[in-house]
Amino acid sequence: MEGEATYVSDLDNLKATELRLGLPGTDAPEKPTPASPRGSKRALLAADEECQSKSKSLGADSSGQEAAPVAKAQVVGWPPIRSYRKNSFQARKAEEEAAGLFVKVSMDGAPYLRKIDLKVYEGYKELRKALENLFKCFSLGELSGMEGCNGSEYAITYEDKDGDWMLVGDVPWEMFISSCKRLRIMSGSEARGMRSSP
Amino acid sequence: MRGERSDMSEDEDGGRGGAGGGDGAGDGGTDTPVPFSDQVLENVLENVLQFLSSPQDRNAASLVCLPWYRAEAQTRRELFIGNCYAVSPRRATERFRRIRAVVLKGKPRFADFNLVPNNWGAHFQPWVSAMAAAYPWLEKLCLKRMSVADSDLSLLAHSFPNFKELSLICCEGFSTAGLAVIAEKCRHLRVLDLIEDYLEGEEDETVDWVSRFPETTTSLESLGFDCVGSAVNFEALEALVARSPALRRLRVNHHVSVEQLCRLMARAPQLTHLGTGSFGSAAAPLLQGGGCSVVDLARTFAAFKSLVCLSGFRDVAPHCLPAIYPVCANLTSLNFSFANITAEELKPVIRHCHNLQNFWVLDAVRDEGLQAVAATCKDLRELRVFPLDPTEDSEGFVSNVGLVAISQGCRKLRSILYFCQQMTNAAVVTMSKNCQDLVVFRLCIMGRRRPDHRTGEPMDEGFGAIVKNCKKLRRLAISGLLTDKAFAYIGKYGKLVRTLSVAFAGDTDLGLRYVLEGCTQLQKLEIRDSPFGDSALLSGLHRYYNMRFVWMSSCKLSLRGCKEVAQRLPRLVVEVIRDRDEDDDDEGVQKLYMYRSLAGSRNDAPSFVEIL
């Protein structure tokens with residue numbers, strides 16, 4: 001499942017940046033998980049155990065000292081939450097992350113529409129940049145609709161869940177992506193009309 | 001929720017091993033002919049003893065003399081086995097011939113937290129085989145932390161014609177195929193409760209087990225499958241609910257949307273327990289449109305005159321929450337522990353819940369949410385606050401403020417499980433004074449070895465106050481920065497403590513010694529990552545036969561110490577568990593699990609388990 005693949009690759013990245021108390025270059029070869037009839041969820045947990053078993057053993061030896069790198073490493077089975085519960089949230093998070101939020105983007109005068117995933121952007125600036133890139137072949141110049149832009153003839157608008165066309169940029173980003181159904185890059189006089197209202 | 005399965009909870013169970021307790025008289029299996037007068041006495045005894053239900057009472061009765069032992073064995077109907085390896089199936093079935101209900105527990109509790117490698121054991125197979133032969137009239141089975149295969153379920157379904165109730169709690173190894181056989185073959189099934197189990201093959205082809213129930217009216221009273229990861233055939237489920245007039249408890253999984261739930265509810269207004277599944281809209285969460293009308297949903301809930309327990313809410317759409325207002329006043333049990341809601345979303349709900357006794361919630365509701373709980377739920381007996389982000393360095397959403405608020409508002413509190421990032425001694429002391437009825441106190445300070453964040457002191461005084469002031473305390477889980485002093489308190493005052501969970505605590509062997517010497521009722525001891533060594537282990541030799549088990553992982557034990565225990569206590573099974581056959585054969589013991597047993601070393605131990 002896509003979600004779990006993401007989780008596993010995240011795990012690999014985590015391991016790469018994990019701080020361990022060991023000589024650089026020494027890395028015990030990964031022992032394969034013993035064959036078990038479990039589904040991949042359990043295999044994930046076993047992989048989890050593998051990369052953490054090293055850091056866990058520190059607990060017994062260095063009970064007094066709590067070096068900063070050690071505190072950051074996750075410990076097996078701590079906090080004591082059942083895998084069942086942990087997985088319920090992780091699976092759902094992964095599902096949400098994998099799902100994406102694709103909306104159509106139309107631009108006045110362009111022969112075809114595009115589709116973008118709103119979830120990959122962190123804010124309006126990134127979105128605008130992405131839209132510029134998408135439609136630059138139609139020679140736009142700058143896209144307006146945000147603060148400090150002038151001299152161009154386009155406004156980025158969106159249709160919200162009530163069916164109204166709104167100017168992009170007024171509401172907080174999170175609220176925007178939860179209500180945006182599609183985007184439209186409006187041109188010419190229509191755009192000027194929107195921009196003139198404060 | 002598991003309120004009704006109190007016999008499965010870690011705090012109140014059937015005492016010392018159902019079968020293992022009174023076996024001093026040897027195998028009662030062989031029957032020599034009994035004189036007539038003795039036979040009369042036994043008949044009288046049987047008629048009296050059949051009214052004894054508690055396993056402790058029965059164990060005591062069985063120790064009086066041989067006739068009593070025999071009479072008790074003949075009249076016992078419910079068999080409680082707290083550790084499946086404490087006695088062999090053969091021995092249990094030979095002694096108790098007329099069992100109708102069995103409770104069987106397997107793996108140590110720390111298996112829930114991935115501390116026990118896969119394939120460690122606790123196989124149901126030898127038990128179901130023995131029972132299939134010995135107990136044809138078996139009606140009820142409750143398994144906890146057992147490894148259950150589909151073939152076991154199949155054998156079960158085919159061997160017990162009168163089978164009525166199956167509860168699987170924290171089990172693994174079976175799949176929807178096994179469920180299908182149960183549904184199809186157990187024609188008198190009343191209860192099928194799957195609680196936090198791990199099903200196999202959820203990503204592969206799953207079997208449509210819900211369609212396999214009898215097509216006629218069923219006798220189902222309880223159906224719980226919220227842990228089943230795969231979607232069930234909804235039409236079949238709806239039809240099943242429609243032809244199950246006795247259904248009182250229904251817990252669906254998160255694949256059931258709130259619209260579908262509406263339809264199910266319309267079929268079963270007599271429900272007392274409802275697990276609501278996702279309680280979110282079938283439409284993608286961020287795109288509105290379609291979805292339930294809150295008014296309709298509320299109306300559906302309003303028809304539920306007998307509803308006392310609500311759970312589920314896996315993907316709760318906050319705007320749907322008001323639908324449950326009509327039933328809140330009657331609720332005694334509410335499980336929001338999978339619902340990521342804020343204090344603002346909780347308040348309007350909890351305000352109505354005057355009769356709430358059990359409440360499980362996520363810390364996302366923050367101290368403010370807990371204050372709202374404290375303000376309304378004056379009858380609260382059990383509270384569990386789970387972390388939304390179960391990592392050590394997550395933002396702490398609840399704190400000493402919430403704990404104090406609860407202690408002030410909910411004076412009848414008996415059981416608490418509280419996850420937080422940090423705590424103060426003062427708050428814990430306050431709780432110890434306000435909640436004198438506490439039987440279970442489990443505080444998990446997720447930051448390991450974290451001191452009182454206001455004073456910088458260890459958390460010794462807080463836990464000390466708990467054991468001192470809460471005179472009914474039976475179960476304790478400690479955390480945070482703790483010195484040997486905390487253990488001294490526990491040993492001195494925790495005279496009724498039966499279960500103790502320790503993590504990242506203590507300074508020296510003295511800590512463990514205090515507990516082993518002081519806690520005379522201790523049954524279950526689980527310790528991880530604490531600096532206790534061989535001499536501490538050996539100081540408890542006088543206790544281990546009176547305990548169900550001891551678990552110690554990542555402590556300072558050595559093979560020599562463990563071997564000595566094994567030698568001195570022949571009826572104790574001492575297992576040393578290695579993670580994946582570590583090459584380093586050092587003297588250190590990473591995981592120790594030891595338990596009293598009449599069965600000797602088990603013959604199904606995997607290669608990474610060494611029995612000393």
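Predicted model: local features only at pLDDT ≥ 70, side-chain atom pairs only at ≥ 80, totals over all residues.
**Stop 1: a helix with a buried side**

Select residues 125–134 of chain B, which form helix α5. Which residues of this helix are buried? They are Trp127(B), Val128(B), Ala130(B) and Met131(B). Look down the helix axis: the four cover an arc of only 165°, which puts them on the same side of α5(B). An α-helix has 3.6 residues a turn, so residues three or four places apart point the same way.

The strands are β1 (78–81), β2 (101–105) and β3 (140–144) of chain B. The helices are α4 (89–95) and α6 (150–159), also of chain B.

**Stop 2: two domains of chain B**

Colour chain B by its domain assignment. Domain 1 takes in 1–143 + 155–165, domain 2 covers 340–521, and domain 3 covers 533–612. Keep domains 2 and 3 of chain B on screen; their C-alpha centres lie 31 Å apart.

Next, show where these two domains meet. On the domain 2 side, 8 residues are in contact with 10 residues of domain 3 of chain B. The size of an interface is often given as the accessible area lost when the parts come together. Here the area buried between domain 2 and domain 3 of chain B is about 740 Å², and carbon and sulfur atoms give 54% of that. Select Asp509(B), Leu512(B) and Leu516(B): in domain 2 of chain B, these lose the most area to domain 3, together 66% of what that side buries.

How many salt bridges cross the interface of domain 2 and domain 3 of chain B? The rule finds 0. Polar contacts do occur between these two domains of chain B, in 3 residue pairs with both residues at pLDDT 80 or more.

**Stop 3: two positive phi angles in chain B**

Select Phe313(B), in the loop between β9 (309–311) and α11 (325–328) of chain B. Its phi is near 55°, a positive value in a residue other than glycine. Is Phe313(B) buried or exposed? With 0% relative accessibility, Phe313(B) counts as buried, the cut-off being under 20%.

Move on to Asp529(B), in the loop between β17 (524–528) and α19 (534–538) of chain B. Asp529(B) is not a glycine either, and has a positive phi of about 50°. At 2% relative accessibility, Asp529(B) counts as buried.

**Stop 4: a cis peptide bond in chain A**

Finally, go to Pro79(A), in the loop between α4 (68–72) and α5 (83–99) of chain A. Show the peptide bond from Trp78(A) to Pro79(A): this bond is cis, with omega near -5°.

Key
Residues numbered from 1 in each chain as written. Chains lettered and ligands numbered in written order. Heavy atoms only, no water. Buried < 20%, exposed > 50% of the residue type's maximum accessible area, 1.4 Å probe, protein only. Arc of directions from axis to C-beta. Contact = heavy atoms within 4.5 Å. Domains from an automatic or database assignment. Buried area = accessible area lost by both parts, 1.4 Å probe. Salt bridge = Lys/Arg side-chain N within 4 Å of Asp/Glu carboxyl O. Polar contact = N/O pair within 3.5 Å; in protein donor to acceptor, adjacent residues only side chain to side chain.
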